[in-house]
Amino acid sequence: MEQKNWNLLDEALGLHNNDNAKPWPLCGRFVLVEDCVDTSAAFVLHHILKRSFSSHPSSAVLLLAFSHPFSHYDRVLRKLGCNLTAQRDNGRLFFLPMLMFQCPGEGKPNHDGLASVFEQIERVITVLHQDKKSISIIIDDISFLEVAANGSSDDVLNLMHYCHTLTSEYGCAFIALDHKDIYLNGDRTAVILEMEYLAEILVKAEPLATGLAKDVHGQLMVLNKETQHQHGITAIKSYNFHFKIKETGIECFYPGTKIQ
Amino acid sequence: MATTKARVSSFSRNVSTVTSQNPGLKHGPNGTMLLSSGIPDLDKILGGGFPLGSLVMVMEDEEAPHHMLLLRNFMSQGLVQKQPLLYASASKDPKRFLGTLPSPASPKGDKSSDLSHEKDIRIAWQYKKYFGEPQLNLNTNGSQQDYCNDFDLRKPLDRHFYSGNNVDCVSIKDSPNLSVLQDRCAGFLAKLSRNEGNISSAGRIAIQSFCSPQCKYSNEPSLYELGHSLPACRSYLAILVESQTLIPSLKGMVQSSNAVVVVTFPPSLLSPSCSLRLQHMADTLLSVRAIPDEDKELAKLLTGYQDMIGLINIHKAARLNTQVPVILEATTFSIKLHKRRFLVLECLNQAPVDGSSGSSYGTSGGCSGSSKVGTLDF
């Protein structure tokens with residue numbers, strides 16, 4: 001395996017210790033990424049996407065894109081050194097464009113809509129699983145999913161639970177992005193609370209308390225709940241660091257240690 | 001800022017700023033095409049303009065119509081460039097909006113050319129002061145006039161601009177739900193769908209005062225008519241379902257077409273989470289605010305307070321096809337009317353501390369202790 005430049009985010013997500021049997025360290029884990037209006041955390045998804053393709057030749061990704069068209073991801077990832085079009089043609093990327101997705105039935109919660117989404121996911125997963133591939137499911141992002149489900153948070157939670165079961169059933173990695181600030185004022189907090197509870201790795205992106213800066217774009221807090229600890233105790237590791245987003249990757253550093 | 005952006009992305013095409021076939025468009029970074037907002041200063045701040053396929057949200061000040069300034073210039077620019085337009089508002093007669101559009105200033109060889117000349121000097125002087133020299137050379141070639149005009153807010157737009165132009169107007173006041181608007185937008189955008197490499201024209205959609213109380217269902221009791229709690233949550237649901245399904249689908253449609261959608265909405269009339277959802281969906285997020293007439297503290301703090309008519313805040317600048325956020329030099333700008341005609345955005349400048357009136361530094365510093373002692377002595 002070639003030497004890679006691991007950064008703090010890789011370390012926090014546990015991507016750097018690739019020595020155990022798992023081809024893709026996030027296998028069987030649920031990663032929840034949270035952001036707010038001032039600081040978008042979409043770059044975390046791009047980073048995971050890139051790492052998952054480069055981790056192992058048998059890895060595959062299922063991307064449910066609610067917020068951007070394929071061309072956007074393609075251009076972003078190409079600058080990161082990953083050709084999504086080629087991966088899609090190779091059968092390693094399954095891109096589900098959900099931009100125009102809307103559950104039928106105006107104004108009423110509708111189970112069939114999201115059920116069809118899950119069927120689509122499951123169909124892809126079972127095919128991939130037969131090929132012995134390690135699969136990641138990425139959802140960008142959940143707030144759009146909620147709107148598409150006619151505002152029914154129960155349906156969304158059901159879908160999340162089903163996707164979560166896939167992590168244990170097929171050993172998929174499940175990565176989802178959500179906007180935390182939407183829920184902060186007490187409206188429909190069930191979604192975010194349950195997701196945070198389910199998540200094994202929680203990534204929070206926040207702006208700097210001191211405001212925007214040119215060379216520091218924000219701070220990340222990563223909570224890694226390591227479930228399989230040797231003494232049966234769940235240990236929570238937390239990481240705090242600043243980041244700067246570039247076209248070709250991200251730069252992570254501890255506060256105050258950035259060398260120009 | 002635009003110059004630095006172009007340098008960062010090595011993948012952006014190195015072509016001339018204005019395309020040959022369409023003067024209203026120019027190439028932006030990351031393979032985007034830009035369209036003018038109708039306010040030259042706003043274009044400069046945002047790095048060239050609004051990228052095609054983006055959704056621009058403007059948060060209104062519910063007490064002042066400053067968002068209309070942005071909308072008028074945006075639409076007027078579209079009319080001057082003969083682009084297809086769609087305007088939707090909650091008023092009964094949305095066509096009336098077209099009568100309020102400003103006219104572009106000083107076509108060549110006019111008698112008012114001396115005025116524009118004088119203005120150029122003034123603007124150049126202003127920018128030298130605020131931005132430093134290298135920012136200006138972006139648009140100094142002659143094609144700038146075609147891409148973005150200065151609009152004279154006191155002169156209505158000439159009739160001949162309307163002729164032969166397809167301007168659609170939709171009223172969303174009396175429609176039972178927003179499907180009418182959605183269908184019109186879909187029809188409008190379908191004509192502008194993006195095919196490779198060939199951009200014949202770009203469209204503009206402006207939706208004014210989205211989600212305001214007037215444009216809810218006609219049979220739905222509005223927030224004002226009934227009490228607080230029950231209608232609030234009913235209308236929250238109604239908004240979530242009705243309007244929030246429109247914006248994502250609008251966003252989805254516009255991403256695959258050559259158009260820019262500008263939506264203004266009053267955030268104070270929505271629940272905070274509802275407004276935050278809309279803010280997340282925006283590619284470019286702006287907010288406008290009026291400033292109170294007699295705010296003594298602000299007047300003391302800022303220079304040129306008397307000329308300001310409001311403040312504009314840039315919360316998010318569009319980042320299509322890139323993951324790098326756009327960090328602006330400043331996010332708050334003052335809206336001023338130059339010669340009571342032209343809309344100008346300027347950086348906020350802190351007023352110099354006036355020596356004669358006793359600076360805060362002097363009074364709060366070493367003097368305070370001694371003066372107190374002095375009063376105690378007597």
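**Entry 1**

For chain B as a whole I noted a mean pLDDT of 72, with 65% of its residues at 70 or more.

Ground rules, for my own use. This is a predicted model, in which local features need pLDDT of at least 70 and side-chain atom pairs count only at pLDDT 80 or more, while totals for chains, interfaces and linings use all residues. Residues are numbered from 1 along each chain as its sequence is written, chains are lettered from A and ligands numbered from 1 in the order in which they are written, and side-chain values use heavy atoms, with hydrogens and water left out.

**Entry 1: chain B, the three-strand sheet**

I looked up the sheet with the order β1-β2-β3 in chain B, which is open and antiparallel. Strands here are DSSP runs of E with at least two residues, helices are runs of H or I with at least four, and both are numbered from the N terminus. The edges are β1 (25-27) and β3 (50-51) of chain B, each pairing on one side only. Two strands pair if DSSP finds at least two bridges between them, and β2 (residues 33-35) has two to β3(B). Across from B:Leu35 I found B:Phe50 in β3(B).

**Entry 2: chain B, strand β10**

Which strands pair with β10(B) over five bridges? I found β4 (residues 55-59) of chain B on the list, in the parallel sense, and β9 (residues 203-207) of chain B, parallel as well. B:Val58 has B:Thr264 as its bridge partner in β10(B), and B:Ile207 sits opposite B:Val263.

Next I checked burial, where buried means under 20% relative accessible area, exposed over 50% and partly exposed in between (1.4 Å probe, protein chains only). Seven of the seven residues of β10 (259-265) in chain B are buried. Side chains in a regular strand alternate between the two faces of the sheet. For β10(B), one side has B:Ala259, B:Val261, B:Val263 and B:Phe265, the other B:Val260, B:Val262 and B:Thr264, and both faces are covered.

On to chain A, with eight helices and nine strands. I noted that 55% of its 260 residues count as buried. Of its contacts between residues at least 6 apart in sequence, 69% join residues at least 24 apart.

Nine strands make an open, mixed sheet in chain A, ordered β3-β2-β4-β5-β1-β6-β7-β8-β9. Why is one side of β3 (93-97) and of β9 (249-253) in chain A left without a neighbour in the sheet? They stand at the edges, each with a single partner strand, so nothing in the sheet flanks that side. From one strand to the next, the twist averages 20°.

I picked one pair: β1 (residues 30-35) and β5 (residues 173-179) of chain A run parallel over six bridges, with A:Leu32 opposite A:Ala176. Helix α8 (residues 190-198) of chain A packs on the sheet, touching β1, β5, β6 (201-206) and β7 (218-226), and its direction makes about 135° with that of β1(A). Angles run from 0 to 180 degrees between N-to-C directions, and axes are lines fitted to C-alpha atoms, for helices over the stretch in contact.

I looked at the span of α2 (residues 42-55) in chain A: its 14 residues reach 20 Å from first C-alpha to last, close to the 20 Å expected at 1.5 Å a residue. The expected span is 1.5 Å times one less than the number of residues. For α2(A), 13 of the 14 residues are buried.

Helix α3 (residues 70-79) of chain A has seven of its 10 residues buried, so it is largely enclosed by the rest of the structure. The buried ones include A:His72, A:Asp74 and A:Lys79. They pack against α2, β2 (59-65), α4 (84-89), β3 and β4 (134-140) of chain A. After α3(A) comes A:Gly81, with a positive phi near 90°.

**Entry 3: A:Asn7**

Is A:Asn7 buried or exposed? I have it as buried, at 15% relative accessibility. A:Asn7 lies in the segment before α1 (8-13) of chain A. Its side chain reaches the backbone nitrogen of A:Leu9 at 3.1 Å. Beyond four places in sequence, A:Asn7 touches A:His47, A:Ile250 and A:Cys252.

Technical notes: Polar contact = N/O pair within 3.5 Å; in protein donor to acceptor, adjacent residues only side chain to side chain. Contact = heavy atoms within 4.5 Å. pLDDT = per-residue confidence, 0-100.
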